[in-house]
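Subject: Structure for you to look at

Hi,

Here is the structure I promised to pass on. Have a look at it first, and then read on for what I found in it.

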Amino acid sequence: MTATTDADADADTTALAARSGGSRQLAGTGTLLRFALRRDRVLIPVWVAVNALMVLSMPGTIRGLYGTAAERAELMRQTETNASLRALVGPVFDDGLGALTAWRVGLYAGALAAVMSLLIVVRHTRDEEESGRQEVVASGMVGRRAPLTAALLAAAVANAALALLVAAGLAGQGAAGALALGLGVAGVGMLFATTAAIVAQLTESARLARGLTAAVLGGAFLLRAAGDAGTDDGASVLTWVSPLGWLENVRAFADERWWVLLLLAGAAVAQGALAYALAGRRDLGMSFLPTRPGPAAGRLRTAGALAWRLQRGSVVGWSTGFLLAGVVYGGMTEGAADLVGDNEQARAVVERMGGQAGLTDAFVSAMVGMLGLVAALYVVASVLRLSSEETSGRAEPVLAGAVGRLRWAAGHLVIAFGGAALIMLLAGLGFAAGYGRDLGPILGACLVQLPAVWVIGGAAVLLHGLLPRAAVAAWAVAGAVLLLGWVGPALEVPQTVLDMSPYGHLPKLPGGEMSWAPVPVLVLIAGALVGAGLAGLRRRDLT
């Protein structure tokens, strides 16, 4: 009897210790979550607002373009026979306004939610460890898994807000479909939040964690695109391998498949459990994939060589993406006229984005303009590498030697501005390869986007130089310009508002008349912004 009692007591003690240990693992999670949300009080609302506005503006746009049931049915028929268009935005499952909204922007809303989520998670996990702040936090009463939990909860808050806005804003098109789309987009966001949580345990570098998670997202998009190009109903095996394929197969507003949401939830839970297991098996600041040693002494003789080594992976990734995007857009060009058909409203939107030339030239110009807008994201990310090097403390030993601040910054800025030229050049080559002709005009159309791209990069340099703690606001500038250029023409935004973007002053090539006047003006503006930013960097203390 005594032995039994002692055994029971031992078991109770072990269970209590396990429960206490589990609670200690999460100690301080609430405080860290509040701190994370406070730090992201600008980042999260901007990402959520831009994504939600993109989705919620689409029903009105589609209603204006395809106002009758016959026009929407014809659009659906044309999409079924256009493999390139399906690869770009997926198949159409119904001709209602809600279903067409989910078709047109659902995948991109999911991709944006994934990017937002991976940035949040990496920022509050590996970024904190890399900078040394997590070590200070961990010295207090903070559990081992509390930072990871707080990061995932911050991502969950952002995705929940996005889902709520999408569901409420589209409820007029059908409450069930609106809820399915909102949950699907948020589900993709949380799936990639847990992907980022795993990658953050595997690598020692926040930059590498973001890059690898973004590469997984890019791979998911390519798998889905390849699958949808081959079938018109989303049933391809390649589509089902991709989480973005799961999102389209939710079929919002078209006999919703609620069980597909369980795939997203199950995958997110499984990845989250793996991230927690990994987090409990490593030391703070360490990783499961060892960092390769740097080059032998003497190989990095200049600040520019160091900048290239740090950013070469990003340049290669963006270059590959733009080349492939150009090939896809070029392959769609021949079918652009057939897709628009006799729809005057759709023709007007394409021509407003791409100029008043022939429809094919206007389509090419519109797609090149979209690539130019996306290139602004590259230049902002590349410029802000200066901020990450500075705040992590890696810039300090470099600047302690015979390297001035301007020379150090110039190495990264050459990569940023020169890399923008490279990716637009490759986009033009890919576009011409997919289209099969007009290499010269298409290259000219791509390269004429650079002055506007450089203005956005100049704004990022200015913020970093003068207001280093607000440098992240450069993402908001790029996002606002992207939203204005993407949604503005479809919403018939006044030209005076469109002209607030540097892209609004560029000539519409190919097909349009080349106007040289805005080009040097935008280049001078970009140069002035860079000069002012570098002057501020030279005068202020390192953060």
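In α7, the residues Ala-113, Met-116, Ser-117, Ile-120 and Val-121 meet a set from α10: Ala-151, Leu-152, Ala-154, Ala-155, Ala-158, Asn-159 and Leu-162. Sorted by class, that contact comes to 10 nonpolar, two polar and no charged residues. Before you start, bear in mind that this is a predicted model.

As for geometry, α7 covers residues 97-123 and α10 covers residues 146-169. Their axes come within 8 Å and cross at roughly 155°. An angle over 145 degrees counts as roughly antiparallel, and α7 and α10 are therefore roughly antiparallel to each other. The crossing of α7 past α10 is right-handed.

Helix α11 (residues 175-202) packs against helix α12 (residues 206-230) at an angle of about 140°, and the axes are 9 Å apart. That angle makes α11 oblique to α12. This crossing is right-handed. On the α11 side, the contact is made by Phe-192, Thr-195, Ala-196, Val-199 and Ala-200. The α12 side brings Ala-209, Leu-212, Thr-213, Val-216, Leu-217 and Ala-220. The class count for α11 with α12 is nine nonpolar, two polar and no charged residues.

While you have α12 on screen, go to Asp-228, which is found in that helix. Is Asp-228 buried or exposed? Its relative accessibility is 0%, so Asp-228 counts as buried. If you skip its neighbours within four places in sequence, Asp-228 is in contact with Arg-86, Gly-90, Pro-91, Gly-234, Thr-239 and Glu-248. Leu-88 is worth a click too: Asp-228 and Leu-88 are 140 residues apart in sequence, yet 8.7 Å apart in space, C-alpha to C-alpha.

Now for the whole chain. The secondary structure comes to 27 helices and zero strands. Of the 543 residues, 48% count as buried. Take the contacts with a separation of 6 or more: 76% of them are between residues 24 or more positions apart.

The largest nonpolar core has 138 residues, and the ones touching the most other members are Val-55, Leu-181, Phe-253, Val-383, Trp-408 and Tyr-503. Helix α7 turns up again here, with the largest share of this core at 16 residues. What does Tyr-503 touch, leaving aside its neighbours within four places in sequence? It is in contact with Gly-372, Leu-373, Ala-376, Gln-449, Ala-452, Val-453, Ile-456 and Val-481.

One last thing, on backbone torsions. Most residues other than glycine have a negative phi. Two residues here go the other way. Arg-251 has a phi near 55°, a positive value in a residue other than glycine, and Asp-255 has a positive phi near 55° as well. Arg-251 lies in the loop between α14 (243-249) and α15 (258-279), and Asp-255 is found in the loop between α14 and α15 too. Where they part ways is accessibility. The cut-off for buried is under 20%, so Arg-251, at 19% relative accessibility, counts as buried. Asp-255, at 71%, counts as exposed.

Over to you!

Terms used
Residues numbered from 1 in each chain as written. Predicted model: local features only at pLDDT ≥ 70, side-chain atom pairs only at ≥ 80, totals over all residues. Heavy atoms only, no water. Axes fitted to C-alpha atoms, helices over the stretch in contact; angles between N-to-C directions. Helix = DSSP H or I, 4+ residues; strand = E, 2+ residues; numbered from the N terminus. Parallel < 35°, antiparallel > 145°, perpendicular 65-115°, else oblique. Left-handed = near helix turned anticlockwise from the far one by under 90°. Contact = heavy atoms within 4.5 Å. Nonpolar A, V, L, I, M, F, W, Y, C, P; charged D, E, K, R; others polar. Core = buried A, V, L, I, M, F, W, Y, C linked by side-chain atoms within 4.5 Å. Buried < 20%, exposed > 50% of the residue type's maximum accessible area, 1.4 Å probe, protein only.
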